[in-house]
Amino acid sequence: MSHEIRTPMNGIIGVADDGVPSESIGDGLKIAPATDAISKYLPELRKKSDFIVLLAFADKPAMAELARQFFEVDLIVGGKVQQASNELIRENQSVIVYNTDKGKSVGQLDILPVSEGDWSYTNDFTLLAESMKMDTRVAALVEERRDPQTRGLFGVAPTSGQQQRRDPL
């Protein structure tokens, strides 16, 4: 008599909201709308996977909407939020966990399905922004980039009502 032990297969889809500038992802690449990407890959992943994880660079309302729209997704881990969540958020048949964005935290996130609809969850993250000072040169560059008068120098068109500053050189 033989017993087969099978490791559960995880399917992972990564999406970003449409607010990510296309120039930041590389020449010739574009970001498809999250719903299009999920619709394209989810049916095949569902056939081949026991568990579907959605890594979403999206805000809280967008992640909740994705959970309502795609009930087949088991877990959504999202990162376009200011504060990591201390508890699991249930939306439709999915579980949502928020983590911080822009590499501002480091730690370990353990999420395990224990039984049907029940999860074991540990979020042990440290916010780096609170414990690490930004290099003064980087801070100066960030402030310069935020200054509406210098935005035109960095290739970003001024918003309405702003004048583009000319470089005197």
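Me: Where does Gln83 lie?
Reply: Gln83 lies in the loop between β3 and β4. Helices (H or I, at least four residues) and strands (E, at least two) are DSSP runs, numbered from the N terminus. This is a predicted model, in which local features need pLDDT of at least 70 and side-chain atom pairs count only at pLDDT 80 or more, while totals for chains, interfaces and linings use all residues. Residues are numbered from 1 along each chain as its sequence is written, and side-chain values use heavy atoms, with hydrogens and water left out.

Me: Why does Gln83 count as partly exposed?
Reply: Buried means under 20% relative accessible area, exposed means over 50%, and partly exposed is in between (1.4 Å probe, protein chains only). Gln83 has 48% relative accessibility, so it counts as partly exposed. The C-alpha atoms of Gln83 and Asn99 are separated by 6.6 Å, although these residues are 16 apart along the chain.

Me: What makes β4 and β5 a pair?
Reply: Two strands pair if DSSP finds at least two bridges between them. Three bridges join β4 to β5 (residues 94–100), so the two strands meet this definition. They run antiparallel, and Arg90 stands opposite Val95 in β5.

Me: Which strands pair in the parallel sense with β2?
Reply: β1 and β2 pair in the parallel sense over seven bridges, with Ala16 opposite Phe57 in β2. β2 and β3 also pair in the parallel sense, over four bridges, and here Leu55 stands opposite Val77 in β3.

Me: What is the order of the strands in the open sheet, and what makes a strand an edge strand?
Reply: The open sheet has five strands in the order β1-β2-β3-β5-β4, with mixed pairing. The edge strands are β1 (10–16) and β4 (89–91), each of which pairs on one side only.

Me: How do you know that helix α2 packs on the sheet?
Reply: Contact means heavy atoms within 4.5 Å. Helix α2 (residues 60–69) touches β2, β3 (75–81), β4 and β5. Its direction makes about 160 degrees with that of β3; axes are lines fitted to C-alpha atoms, for helices over the stretch in contact, and angles run from 0 to 180 degrees between N-to-C directions. Helix α1 (residues 34–48) lies across β1 and β2 (51–57), running at about 175 degrees to β1.

Me: Why is the unit of β2, α2 and β3 called right-handed?
Reply: A crossover is right-handed if, with the strands pointing away from the viewer, the path from the first strand over the helix to the second runs clockwise. β2, α2 and β3 make a right-handed β-α-β unit, so the path from β2 over α2 to β3 runs clockwise in that view.

Me: What makes a set of residues a nonpolar core?
Reply: A nonpolar core is a set of buried Ala, Val, Leu, Ile, Met, Phe, Trp, Tyr and Cys residues joined through side-chain atoms within 4.5 Å. The largest one has 19 residues, and those with the most contacts inside it are Val15, Ile38, Leu54, Met63 and Ile76. Its largest share, four residues, comes from α1. A second, separate core of ten residues includes Leu88, Val97, Trp119 and Tyr121.

Me: Why is β2 called mostly covered?
Reply: Five of the seven residues of β2 are buried. Of the 169 residues of the chain, 28% count as buried.
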